[in-house]
Amino acid sequence: MAKTYDIVVVGGGPGGYVAAIKGAQLGAKVALVEKEVVGGICLNHGCIPTKTFLKSAKVYKTLQHANDYGVTNSGTVGFDWDKILSRKNGVVKQLTNGVAFLLKKNGVDVYNGFGEVKSASEVVVNGETLQTKNVIIATGATAVVPPIPGVKEAYEKGIVVTSRELLNVKDYPKSIVIVGGGVIGVEFATVFNSFGSKVTIIEMMDGILPTMDDDVRQAYAKTLKRDGIEILTKAEVKKVNDHKITYSFEGVETTIESDLILMAVGTRANSKGLEHLNLEMDRANIKTNEYLQTNVKGIYAIGDVNGKYMLAHVAEHEGVVAVEHILGKGHQKMNYDQIPSCIYGSPEIAAIGLTEKEAKARGIDYKVSKVPLAAIGKALADGEKEGFAKLIVDKKYLEVIGAHIYAYNATELISEYSVAMKAEATAYEMAHAVHPHPTLSELTLEAALGAIDKPIHV
Ligand code: NAD
């Protein structure tokens, strides 16, 4: 007899596994179908493994500059790529095992295989049909390998890689060309530059990180260049011939050579196995509303597959919203105006809400407060002085409408703004809330003071 569920979740990444656990916690009978290891790109091939690389890079750089902190180091500082890889694998394994354990503990039935969604009430996996009342599609997205002449051949030879393969390269590259100056591009640029590779970014737009606030983009590009990363903008890759890559800039073609070529030009939603459903699409992405419902009753789509924000924390939140809607518990709906995004380089970038350009375009009467990191005592003690916080508030009430932090540990600081925006807080609440000293969080305090009147320490 076919197994029957309230919810079958297809895809076990951060969106899918969180939805499954939440559904089970709310009393539903839930199955999760995953063809690989639970944890998705984020845990297995993305957010987490890259953070282990960045940590190794940070330790390496700190040791190189130990003298700046009065610590002497008479030996040579080096790195062991094999050990960096195995540390990464260990962290990933610990986390994915943890997720598998949580699913089991919460009573979620996990099916290891490819899920084919036949309808809102039938999912087939390994030849078995699961009956269900609802389906949550959380199948994610895959890095694009663009149809540029020679790229496919070089990809098959392991010379062109996507971030997934790059996380497992056995031979450390002395040089790497990164096509795409987006989030993945700059994170890997930081890692490989820190370990001494020659790094070149080829970006087709007029600058890196096109979606970030202009002040942040400019500051970051300056830092990367100062650190020795070459950034070619308005450059279009024309062809690849093994290690040779030809790009054109203002009509002139130039060929450069590199050990590895990383393609980081975006992702495409995974829609295999959904062909029977007649889902309404927006290009390759499944169209959803604020409850993550698709046009087919009983079918929801969360995470990268709906193409709204390709971020693990968005997928997780969408998973909870979808499950609550299915079970009629909780009344959350998605608000895509309040999504924090983080870029892990050196320093870090974190942002939420509107950029200054967007505030202008929406015709909002706004005010900007910008505070340099060098004003913060804790930062100086930590040996960090590069960066700033930029707070954008509406002029009438001083309500927070955007925040952009460019600083070490910016990704930890941004949550204060997440809570502020959710609570519709103004610069007054942020400034009147006592911030501990000495902490990096004084940066947000000073920015709020600046939005009201003037910061104290600037
Ligand atoms: P992206 O969309 O962030 O950046 C792609 C970049 O490539 C853009 O700047 C684009 O202009 C450029 N580009 C596109 N085609 C090009 C071409 N032919 N030649 C040169 N440049 C080209 O994509 P990504 O960096 O591949 O990341 C994929 C997704 O994963 C993103 O949506 C990202 O948000 C997400 N992600 C997030 C994090 C994080 O939050 N820290 C980390 C990794 C990935």
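I started with helix α7, residues 183-194. It has 12 residues and reaches 17 Å from its first C-alpha to its last, close to the 16 Å expected at 1.5 Å a residue. The expected span is 1.5 Å times one less than the number of residues. Helices here are DSSP runs (H or I, at least four residues), and strands are runs of E of at least two, numbered from the N terminus.

The model is predicted: local features need pLDDT of at least 70, side-chain atom pairs need 80 or more, and totals for chains, interfaces and linings use all residues. Residues are numbered from 1 along each chain as its sequence is written, and side-chain values use heavy atoms, without hydrogens or water.

I checked burial next (buried is under 20% relative accessible area, exposed over 50%, partly exposed in between; 1.4 Å probe, protein chains only). In α7, 10 of the 12 residues are buried, so the helix is largely enclosed by the rest of the structure. Among them are Glu 187, Phe 188 and Phe 192. Gly 196 follows α7 with a positive phi, near 100 degrees.

I then looked up the UniProt record. Its unreviewed entry puts "domain: FAD/NAD(P)-binding" at residues 5-319. That stretch is 33% helix and 27% strand, with its end C-alpha atoms 17 Å apart.

The unreviewed entry also puts "active site" at His 437. Such annotations may be inferred rather than shown by experiment. I found His 437 in the loop between α13 (427-432) and α14 (442-452). His 437 counts as exposed because its relative accessibility is 62%. Its side chain makes a polar contact of 2.7 Å with that of Glu 442. A polar contact is a pair of N or O atoms within 3.5 Å; within protein, one must be able to donate a hydrogen and the other to accept it, and residues adjacent in sequence count only if both atoms are side-chain atoms.
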